Amino acid sequence: MSAAALVLVPVFLPLAVGALSAVLPRRAAATLTVIAAVATLMVAVLLGIAVLDAGPVRLEVAGWAPPVGILLAADGLSVVMIGLSAIAVLAATLVAAADDHFAGGHAFWPLVGAAAAAVNGVFVARDVFTAFVLLELLTIASVALVALGGTRSAAAALRYLFVAVTGSLFFLLAVALTYGHTGTVDLARAAERADDTVIVGAIIALTVVGMAAKTALFPLHSWLPVAHPAAPAAVSALLSALVIKASIVILWRIVEYFGPLTDLAAPLATAVGVAGAAAVLWGGVLALRRDRLKSIIAYSTVAQVGYMVLLVPLVFTASDPQVAWIGGILITLAHGVAKVAMFLAAGALATAAGTSRLDGLEGTISRMPWTVAAIGLAGVSLAGLPPTLGFVGKWMLVQASLDAGAWWWLALLLGGGLLTFAYTARMLRATFNPPGDFSGARELTRPARTVAIVPLALAALSVVLGLIPWLLIEVLSAAPMGGGA
Amino acid sequence: MTTLQLFMYAGAFILVLGVAATLLVRDLIRRLIALNVASGGVMLLLLALADRGDGEPDPVPQALVLTGIVVMAAVTGIAIVLARRVEQLDDDLEEVEQ
């Protein structure tokens, strides 16, 4: 099998396994899903080696070249994001297989397969229409996943659906403009042919609005802190760590291809940066004021989305845009790994204590020190402190801001870190018991061993990747953004 | 005004109308219908683009619209199920209160 055909595996393998899972018993569905996630991770590594070797891996599906056929391509961004998706799915399904409370029902397995196929597809898609269709598949799967949280989650799922589909309609309009203006939906061709500044500006603006709604970028964020905590813990982990990344990547791709073509892109990018800055502060402050674990972590996602879009203004102003791209991508990866760890650990604590309220967690640190440690380590990575992957990403964004002479982003990056540190400390403090007083810890039901190990392993992974980030940076620079694929 | 322009302005107008209603209306079923109206606006715009002026329509936008319709049908289906669950829950709560 040639390297090019490998691009298909992360899309079609989870899809096939998802379809099979619908009819298989729970045990078999869980095993297959875990195997598929491991296989996807291995394919991501192989694709990474191929990218290091010879640049982007391109596949014209079924031998049909664009504009007739569909082009899929894996560059550095695609490879690391597929890696993240494999790790997130692996972690969530291992925990869900060990304890059914984390999954919320049998429908979890086929829906996870569909969601994984859709996100991986978005990561390798190179035309706007394929991206649109896969994004819709992802929306439908994610809404159904939220609804697994019981009857009370239906309202949250429905609210998510309305916002997400409205966002899609804006993006579909951008797709229509792209086709109407250039006669193609293929990103590279469209970027070559586009010559009208205003239309290209409109395409970027519509994508920004649509993707902001789907990613929960301030001020379109209000659905996320309702939808993500309503779902079962393994689902919350996948939604926060992975699902919002698909719309972020589409926003990045449009900026990558269409950004250099119009003068209108720079003010739009500044607007995205301002929204991101507001998200970092608003999300951080609200996370400090919540009193349920899952709600705090969901607001933390709102804040972190701000960091993920911060590269958009920086790639227009920094003298070396690659530093901004790589920094932004690394901070997004770091968020993914840390957020899976945090949501799964929070789920474990909530199962043990019987409540997700901070005031009911007293004493959990005595019984489950490693689970609490996972939350702490993940918080360190989210706050961007060394020696974690979050630090490496933030450091590169700091460099890009200094390079662009934009000290205000610097203040934001550091101030946001303080807020992250504060709400992580608040979660940790709630788990302590007075010295010698174990009365609170005695009634805890201890969760399965896998449930304790997986979050800690992911938290450890953000430290390991923080110590050896050059591996990721090599892959990302071998097929850089804006290099054409 | 050419027919193409007429269709494009109409499409944009219907989209704005539908999105505004989706955001403002409280009743779930009405919101869902508003969302479908909004998608109708985008589809109309896309179909208008298929007009190449020589009488033969461009098949690509038509294929895009067809896919879009299938997507909206799936979304509408799942939304109806969820809306029923929400209203069932509200009804149960009302019964408890009485």
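In chain A, 80% of the contacts between residues at least 6 apart in sequence join residues at least 24 apart, two residues being in contact if their C-beta atoms, placed from the backbone, lie within 7 Å. The model is predicted: local features need pLDDT of at least 70 and side-chain atom pairs count only at pLDDT 80 or more, while totals for chains, interfaces and linings use all residues. Residues are numbered from 1 along each chain as its sequence is written, and chains are lettered from A in the order in which they are written.

Chain A contains 20 helices and 2 strands, where helices (H or I, at least four residues) and strands (E, at least two) are DSSP runs numbered from the N terminus. Its radius of gyration is 21 Å, close to the 23 Å that the globule rule gives for 485 residues, so chain A is as compact as a globular protein of that length; the radius is taken over C-alpha atoms, and the rule is 2.2 Å times the number of residues to the power 0.38. The C-alpha trace of chain A spans about 70 × 55 × 45 Å along its principal axes.

Chain A meets chain B through 23 residues of chain A and 27 residues of chain B. On the chain A side, helix 5 (128-146) and helix 6 (153-182) each supply at least two residues. Helix 6 of chain A gives the largest share, 14 residues.

In chain B, the unreviewed UniProt entry annotates residues 6-25, 32-50 and 62-83 as "transmembrane region"; positions follow the numbering used here, feature names are shortened, and annotations may be inferred rather than shown by experiment. Residues 62-83 of chain B are 100% helix and 0% strand, with end C-alpha atoms 31 Å apart.
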